[in-house]
Amino acid sequence: MSAAAGARDRDSSGGSNLDSLRPNGKGLFVDQSSRGQDKPDNLLPRQTKSKSEITDMVRSSTITVSDKAHILSMHKFGLRETLVKSHLMQKEEDYTYIQNFRFFVGTYNVNGQSPKECLRPWLSHGIQAPDVYCVGFQELDLSKEAFFFHDTPKEEEWFKAVSESLHPDAKYAKVKFIRLVGIMLLLYVKQEHAAHISDVEAETVGTGIMGRMGNKGGVAIRFQFHTTSICVVNSHLAAHTEEYERRNQDFKDICSRMQFCQVDPSLPPLTIGKHDVILWLGDLNYRIEELDMEKVKKLIEEKDFQTLYAYDQLKAQMAAKAVFEGFTEGELTFQPTYKYDTGSDEWDTSEKCRAPAWCDRILWKGKNITQLSYQSHMALKTSDHKPVSSEFDIGVRLKDEELYRKALEEIVRSLDKMENANIPSVSLSRLEFCFQNVKYMQLQVESFTIHNGQVPCQFEFINKPDEESYCKPWLNAKPSKGFLLPDSAVEIDLEIFVSKTMATKLNSGEDKIEDILVLHLERGKDYFLSVSGNYVPSCFGSPIHTLCYMREPISDLPLETVRELTLMPLWNEDDGSQLENPMEIPKELWMMVDFLHRYAAQEEDLFQQPGRRLEFEQIRDCLDTGMIDNLDTLSLSNHSVAEALLLFLESLPEPVICYSAYHNCLECSGNYTASKQVISTLPTFHKNVFHYLLAFLRELLKNSKKNHLDENILASIFGSLLLRNPAGQQKLEMAEKKAQEFIHQFLCNSP
């Protein structure tokens, strides 16, 4: 299950989903289900919408898409349209002017509470009616159901509370609404601006455990306001004072993984950084360090926020250029917004007694941005956080239609003259790429530069004959397509990243780090790039029975032995003819479980909080080299080892409960006796691993008062790892719930 499964992306007050709608070549929404039907050519462009149409749009909160991006009003995107857009962007100052619009940005960690008080003191008191509202929440719902990507009634409750508290002096249209578990972002605009909002997209990135759980991460909405591109990000980063490096990594992951599809399919996805204006809000969780609790409280009492701010982690990390590089934050003139006793203005008096901190922040990046206010709102007492708001005047570029028409005509005439004059030609800085010692889930990057000649060109990596993609699944080119103006250049990154779906074939030698990329120029020639390298075999992606026959670390075995054991059929394991003295369970599994049993049995939030990426690489290397003592000496986080265990189980090409037993398990998920019978039919090594893991999980439950784990949490986490839907088969209704119920039985009953 992916983080996207838990995302809510809504565009109307009725909660309808517009994922089935996509813009056509005229910048108008068309229903994908009717793609084969002819569409009328006389549909109104956005600029000529009647007043009644705009009113209807506001009433229903439906989104319109501008045809600005489709300059020539053609159904097909191509090099000419791309060049026109590029030239228009270069000449933008010739036909646009800047006008300020008032933006309200607010963030509130509501600690899983329902709204209990009016939000107007936060959203609308003492300010003029904003043109745009960007309102973000974190920890909307802390229930186990929400954590594992189910719907939550809190979503509608808080949406209603916000909608009722917007400024009374204006009418607003909801543009977009997106949620990932407890992280929610709402975007509203004044009714009169709705016709000038276009190219709206929303995406989510989960940075929780295994890089997919959505209890931490970010949601974002990007849109075009007149001709200015704006991206609003709401994030909830890793908790705990000492985890500032994890917060830095969460920020980087959100930036690198958040990608928005463009209306023009010939262009690569947009990232957060590719916008004129970026507004970033949320519970960033950076704390105050190097001061004891009493000193912090004394400085707050004296309102000496400047001295206190010197010890703020976010300030230090930004100064070190470790995070939010290029962003700006206003002066903190309000007291820390965390942590309070719920329902009061008193600092935390719980057993944990958390130190005050400015967890809730608002930052920005871009030109023509003026911050007018930055404050907390002490009047709201629903949560252990206080909400924060900031008002901005943001200069948005508006188009002078007459000047725009003249610029467009001039560009088109210029292109007409040169269109067929020459054939595009480029030079590449290199054609051969060698990736040494590629490892499981460890990114490697090699770069090269495309230098263009005197003719504008569009480039794209294209599929080779009889192949479905331009490259093998472990390889990626960024960007994979684009266009170049005369005498310009672009740097291309070739990335290699081996994940669970590719590791087994690389271990077995069925696949190798070898590929040929074809770089194609429209109206020009093709260029061939050679990619080579070597993969370091890993226990990750190796079958259970293979690892049981590997008494030596996988790194010590000849490649041919690794290949033979990886290709050994699963059901041959019991005939005794393959190798002597197999182990009952993989030693790598034992190493991780033994570590967790000794050090992490009482660890709070085990299997729910992500580990550290560099530590995963250390753990992988320890397992692959057999350096068991290093697990104890590396000062590893318990959460890193726990996440490595989950990743190990996820990487198994055949899950612990074999695919052949999947449907039987679902059918008997309510019958413990029948369930035990199914487990008894598993191959010996798989059966051993199942019983070993369940015994370990039952041991963890004995410490539930300390680690806060229960049968439901563990069944939810391990159900989808131990019992997986066979690849290529349709997922059965309620399959996920039945898988959890199947595992739940074994957690509640002794063998």
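In the predicted model, valine 445 is located in strand 20, which spans residues 444-452. Its relative accessible area is 39%, so valine 445 is classed as partly exposed, the class that lies between the buried limit of under 20% and the exposed limit of over 50%. Together with Leu443 and Phe497, Val445 makes a nonpolar surface patch of about 250 Å².

When residues up to four places away in sequence are not counted, isoleucine 657 touches Cys665, Ile679, Leu682, Phe690, Leu722, Leu723, Phe742 and Ile743.

Strand 10 (residues 228-236) is largely enclosed by the rest of the structure, because 9 of its 9 residues are buried. In a regular strand, side chains alternate between the two faces of the sheet. In strand 10, Thr228, Ile230, Val232, Asn234 and His236 point one way, whereas Ser229, Cys231, Val233 and Ser235 point the other way, and all are buried.

Strand 10 is joined to strand 9 (residues 217-225) by 9 bridges in an antiparallel arrangement, with serine 229 of strand 10 as the bridge partner of glutamine 224. These two strands form a hairpin with 2 residues between them, and histidine 226 in the turn has a positive phi of about 55°. With strand 13 (residues 277-283), strand 10 runs parallel and is joined by 7 bridges; here serine 235 stands opposite glycine 282 of strand 13.

Conventions:
Residues numbered from 1 in each chain as written. Predicted model: local features only at pLDDT ≥ 70, side-chain atom pairs only at ≥ 80, totals over all residues. Heavy atoms only, no water. Patch = residues over 30% accessible without salt bridge, like charges linked within 9 Å, V, L, I, M, F, W, Y side chains within 5 Å. Areas by Shrake-Rupley, 256 points an atom, 1.4 Å probe, with all protein chains shown as cover. Salt bridge = Lys/Arg side-chain N within 4 Å of Asp/Glu carboxyl O. Helix = DSSP H or I, 4+ residues; strand = E, 2+ residues; numbered from the N terminus. Buried < 20%, exposed > 50% of the residue type's maximum accessible area, 1.4 Å probe, protein only. Contact = heavy atoms within 4.5 Å. Pairing = 2+ DSSP bridges.
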